[in-house]
Amino acid sequence: METSNETVIPMPRIGDKAPAFKAVTTQGEIEFPKKYEGHWVILFSHPADFTPVCTSEFMTFATLEQKFEELDCKLVGLSIDGLYSHIAWLRTIKDKIDYKGMKDVEVKFPLIEDITMDVAKKYGMIQPGESATKAVRAVFFIDPKGIIRAVIYYPLSIGRNFDELHRVVQALKTADAFSVACPADWRPGDDVIVPTAGSCGVAKDRMDGKEQGVTCHDWFFCTKKIDKEKVLKAILK
Ligand code: BEZ
């Protein structure tokens with residue numbers, strides 16, 4: 001599809017292979033997603049360096065990095081700023097910002113410079129109705145095989161909920177490890193949803209309470225408990 005001179009790149013969606021790129025970051029050059037093969041990775045964008053919401057987000061993400069690392073999930077940031085802006089901003093955060101009990105915060109994960117917007121465009125991070133020159137707050141959850149498994153977008157004006165980003169990684173890993181789904185507001189230790197029975201006989205047995213550990217609210221909605229320890233053992237590194 002073409003508009004004027006510019007080729008419109010379709011936004012990557014859940015289930016797509018993460019678009020590949022090479023980039024310069026605050027931690028050296030990276031080849032994405034190749035460098036992260038075998039690990040989970042969150043690729044996220046922020047609108048601009050030296051802006052307040054983004055600063056609060058970076059301080060929060062950097063403070064939580066260890067919790068993501070425990071899930072074997074790496075973090076990679078991006079904005080349409082140059083490397084020297086990134087370096088100066090991250091230094092300012094470390095040296096000067098004291099916010100909500102967070103201070104002396106060192107951002108150790110890579111922050112991609114993308115002045116050309118090549119990567120941001122590939123990932124649908126430029127949403128012109130919001131801004132033609134700044135990336136929205138996009139979050140791509142990419143699995144160890146390089147497949148996009150979840151995407152969340154926030155506008156420029158709203159900082160992300162990092163507890164939710166952490167919960168999404170926990171839930172994706174749990175769904176994979178136990179072949180289940182995770183219901184609303186799920187947390188490790190909460191009941192999970194078992195796949196719908198493949199036959200009437202199994203569905204009836206479940207409804208009759210004959211499948212051990214499975215509780216059915218109706219034929220299409222059955223849950224079971226998985227102990228929190230068992231979940232954590234499966235999803236933590
Ligand atoms: C901020 O991070 O504070 C911000 C960035 C771009 C537009 C609006 C707010």
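User: Which residues does Thr 55 touch, not counting residues up to four places away in sequence?
Analyst: This is a predicted model. In it, Thr 55 touches Trp 89, Ile 93 and Ile 97, with residues up to four places away in sequence left out.

User: Is Thr 55 buried or exposed?
Analyst: Thr 55 counts as buried because its relative accessibility is 11%, and buried means under 20%. Thr 55 lies in helix α1.

User: Turning to the ligand, which residues are around it?
Analyst: The residues around the ligand are Pro 47, Thr 51, Pro 52, Val 53, Cys 54, Arg 137 and Leu 156. By type, this shell divides into five nonpolar residues, one polar and one charged.

User: Which helix gives the most to that shell?
Analyst: Helix α1, residues 52-70, gives the most, with three residues.

User: And what lies 2.9 Å from an oxygen atom of the ligand?
Analyst: An N or O atom in the side chain of Thr 51 is 2.9 Å from an oxygen atom of the ligand. A polar backbone atom of Cys 54 is also 2.9 Å from a ligand oxygen. For Arg 137, an N or O atom of the side chain is 3.1 Å from an oxygen atom of the ligand.

User: How much of the ligand does the protein bury?
Analyst: The ligand taken alone exposes 260 Å², and the protein buries 79% of that.

User: Which residues are linked with Arg 137 in a network of salt bridges?
Analyst: Glu 57 and Arg 160 are linked with Arg 137 in such a network.

User: How many salt bridges does the structure hold?
Analyst: The structure holds 12 salt bridges. One of them joins Lys 237 and Glu 69, whose closest N and O atoms are 2.4 Å apart. Lys 237 lies in the segment after α6 (228-235) and Glu 69 in helix α1, so this pair ties together parts that are 168 residues apart in sequence. Lys 237 is exposed, because its relative accessible area is 64%, and exposed means over 50%.

User: What about Arg 149 and Asp 176?
Analyst: Their side chains meet in a salt bridge, with an N to O distance of 2.8 Å. Arg 149 is in strand β11 (residues 148-154) and Asp 176 in helix α4 (residues 162-178), so the pair ties together parts 27 residues apart in sequence. Arg 149 counts as partly exposed at 22% relative accessibility, and Asp 176 counts as partly exposed at 40%.

Conventions
Residues are numbered from 1 along each chain as its sequence is written. This is a predicted model: local features need pLDDT of at least 70, side-chain atom pairs count only at pLDDT 80 or more; totals for chains, interfaces and linings use all residues. Side-chain values use heavy atoms; hydrogens and water are left out. A residue is near a molecule or strand if one of its heavy atoms lies within 4 Å of it. A polar contact is a pair of N or O atoms within 3.5 Å; within protein, one must be able to donate a hydrogen and the other to accept it, and residues adjacent in sequence count only if both atoms are side-chain atoms. Accessible areas come from the Shrake-Rupley method with a 1.4 Å probe; for residues, only the protein chains shown count as cover. Helices (H or I, at least four residues) and strands (E, at least two) are DSSP runs, numbered from the N terminus. Ala, Val, Leu, Ile, Met, Phe, Trp, Tyr, Cys and Pro count as nonpolar, Asp, Glu, Lys and Arg as charged, and the others, Gly among them, as polar. Buried means under 20% relative accessible area, exposed over 50%, partly exposed in between (1.4 Å probe, protein chains only). Contact means heavy atoms within 4.5 Å. A salt bridge is a side-chain nitrogen of Lys or Arg within 4 Å of a carboxyl oxygen of Asp or Glu.
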